[in-house]
Amino acid sequence: MANSIAEPFSCDTFVALPPATLGSRIIFGKNSDRPSDEVQEIVFFPAADHDPGQKVECTYIEIEQVPKTYAVVLSRPSWLWGAEMGANECGVCIGNEAVWGKEEVCDDEALLGMDLVRLGLERADTAEKAVDIIVELLDKYNQGGNCMESEMTFTYHNSFLIADRKEAWILETSGKFWAAEKVKEGTRNISNQLSITTKIDREHSELRNYALSKGWWDGKEVFDFAAIYSYVNTARMTTASGRYCEGYKLLKKYAGNITAETMMTILRDKESGLNMEGAFMTTGSMVSILPQDPNLPCIHFFTGTPDPDRSVFKPFIFVENITQLLKTSSPVFGSEDPVKKQPRFHTKPDRRHELYRTHERAVAMMESSKEKAALIMEQIQKLEKAKMDEMDRILQNGYRNTFISRNGSLGRYVILNLRHGM
């Protein structure tokens with residue numbers, strides 16, 4: 001595959017840490033931008049113990065399972081095993097982005113970057129441990145395979161933004177090579193380009209030698225990962241046009257006062273291109289509140305529907321005895337799924353879940369009448385505000401309140417959304 005990329009193939013992930021945030025909280029956010037007909041589902045998987053020698057079947061390949069996996073909630077394209085974004089019961093959040101550079105992309109089926117997101121969440125109780133796990137899996141199994149539910153092959157390298165209650169890490173890859181940057185305070189965002197420059201806190205042992213062998217670096221100049229491994233002009237990254245720059249500017253605009261609501265505003269921003277429309281669009285969004293106080297719960301908000309500007313961010317909290325989120329889970333086709341059958345992707349089944357179908361009907365109503373659009377938007381805003389206030393009370397007073405359902409709250413609020421027409 002040629003190492004070129006058009007702007008429509010996109011995603012954006014953000015993190016804000018004190019002192020850029022209010023309330024001693026880390027705020028994580030991500031838009032998942034995919035083909036407009038692709039369904040994003042929200043699914044929960046409980047913690048589990050696994051027998052020695054057990055395997056786990058990822059999207060394309062089978063790998064060794066670990067003795068214990070943590071509970072995870074994922075927002076993912078419904079055709080694959082992994083996820084573009086999600087969180088685990090330990091307060092770790094991960095989002096990934098497609099990136100390209102000078103290193104050829106592997107078309108062979110291996111681990112998708114989205115598989116690595118889920119594997120990192122299932123196996124790591126801190127952000128840095130997730131870095132360890134992802135790079136170990138990358139070294140052992142490589143990354144590659146079609147990243148779209150289509151006969152058209154679309155492959156890429158991956159970057160990851162990983163956060164927990166204390167810090168965040170940026171992990172960027174080029175084939176099996178990688179660099180990682182620790183973020184202790186302020187704001188950081190990633191988009192569809194390498195962004196780690198000279199601040200490299202961890203790296204592949206052969207990262208620099210490989211660059212020397214390829215003639216990308218002379219060994220004398222300061223080692224700038226993004227400049228050396230891609231075609232990015234790192235001196236202009238935060239001033240040139242594009243979503244990375246727009247996201248950077250929005251984070252700086254709100255720095256010092258960033259809340260979950262602020263992050264939702266950023267993800268909904270259409271003028272910047274962060275909230276995409278068209279053949280590729282924002283099909284799902286996520287915002288997480290990670291309190292630095294370990295006695296307070298992490299709260300994760302998901303849309304599960306396209307266009308965050310016309311969707312409700314619904315809260316999820318890890319509690320005991322969570323049941324599956326049926327309203328946001330797509331149909332399962334087992335061994336008959338076109339993704340599993342060879343040759344792959346020859347047909348495309350209907351993967352719409354109940355919330356997605358209801359959202360479609362509401363959008364059709366909004367587009368048919370300005371009056372209906374105004375009414376539905378008013379309902380969306382009221383509902384979301386009520387749930388945000390409810391979650392804020394939890395963060396102020398603790399979360400052992402009776403109204404948190406066995407669905408971790410999301411399932412209950414999905415039902416409410418359905419009754420309100422979204």
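A residue counts as exposed when its relative accessible area is over 50% and as buried when that area is under 20%, with partly exposed in between. In this predicted model, Asp 51 has a relative accessibility of 58% and therefore counts as exposed. Asp 51 is located in the loop that links β4 (48–49) to β5 (55–57). Its C-alpha atom is separated by 30 Å from that of Leu 171, a residue 120 positions away along the chain.

**Overall architecture**

Nine helices and 18 strands make up the secondary structure of the protein. The radius of gyration is 20 Å, close to the 22 Å that the globule rule gives for 422 residues, so the protein is as compact as a globular protein of that length. The C-alpha trace spans about 60 × 50 × 45 Å along the principal axes. Of the 422 residues, 59% count as buried. Among contacts with a separation of 6 or more, 69% are between residues 24 or more positions apart.

**Helix pairs**

| Helix pair | Angle between axes | Distance between axes |
|---|---|---|
| α1 (113–123) and α2 (127–141) | roughly 130° | within 9 Å |
| α5 and α6 | about 150° | 11 Å |
| α7 (354–368) and α8 (370–397) | about 135° | 6 Å |

The axes of α1 and α2 cross at roughly 130°, which means that α1 is oblique to α2. The crossing of this pair is right-handed. On the α1 side the contact involves Leu 116, Leu 119, Gly 120 and Arg 123, and these residues meet Ala 130, Ile 133, Ile 134, Leu 137 and Leu 138 of α2. By class, the contact of α1 with α2 comprises seven nonpolar residues, one polar and one charged. Helix α1 is largely enclosed by the rest of the structure, because eleven of its eleven residues are buried. The buried residues of α1 include Asp 115, Arg 118, Glu 122 and Arg 123.

Helices α5 and α6 pack at an angle of about 150°. An angle over 145 degrees counts as roughly antiparallel, and α5 and α6 are therefore roughly antiparallel to each other. Their crossing is right-handed. Leu 250, Leu 251 and Tyr 254 of α5 make the contact with Thr 262, Met 263, Thr 265 and Ile 266 of α6. The contact of α5 with α6 holds five nonpolar and two polar residues, and no charged ones.

Helix α6 (residues 260–267) is itself mostly covered, with six of its eight residues buried. These buried residues are Ala 260, Thr 262, Met 263, Met 264, Ile 266 and Leu 267. Ala 362, Met 365, Met 366 and Ser 368 of α7 meet Lys 372, Ala 373, Ile 376 and Met 377 of α8. The residues of the contact of α7 with α8 divide into six nonpolar, one polar and one charged.

**Backbone features in loops**

Most residues other than glycine have a negative phi, and most peptide bonds are trans. A cis peptide bond joins Pro 18 and Pro 19, with omega about 10°. Pro 19 lies in the loop between β1 and β2. The bond from Gln 342 to Pro 343 is also cis, and its omega is near -10°. Pro 343 belongs to the loop between β18 (314–316) and α7.

The loop between β18 and α7 also contains Asn 321. Although Asn 321 is not a glycine, its phi is positive, at about 60°. Asn 321 has a relative accessibility of 55% and so counts as exposed. A positive phi, near 65°, is likewise found at Asn 142, a residue other than glycine. Asn 142 is placed in the loop between α2 and β11 (157–163). With a relative accessible area of 22%, Asn 142 is partly exposed.

Note on methods. Residues numbered from 1 in each chain as written. Predicted model: local features only at pLDDT ≥ 70, side-chain atom pairs only at ≥ 80, totals over all residues. Heavy atoms only, no water. Axes fitted to C-alpha atoms, helices over the stretch in contact; angles between N-to-C directions. Helix = DSSP H or I, 4+ residues; strand = E, 2+ residues; numbered from the N terminus. Contact = heavy atoms within 4.5 Å. Nonpolar A, V, L, I, M, F, W, Y, C, P; charged D, E, K, R; others polar. Rg over C-alpha atoms; globule rule 2.2 N^0.38 Å. Buried < 20%, exposed > 50% of the residue type's maximum accessible area, 1.4 Å probe, protein only. Parallel < 35°, antiparallel > 145°, perpendicular 65-115°, else oblique. Left-handed = near helix turned anticlockwise from the far one by under 90°.
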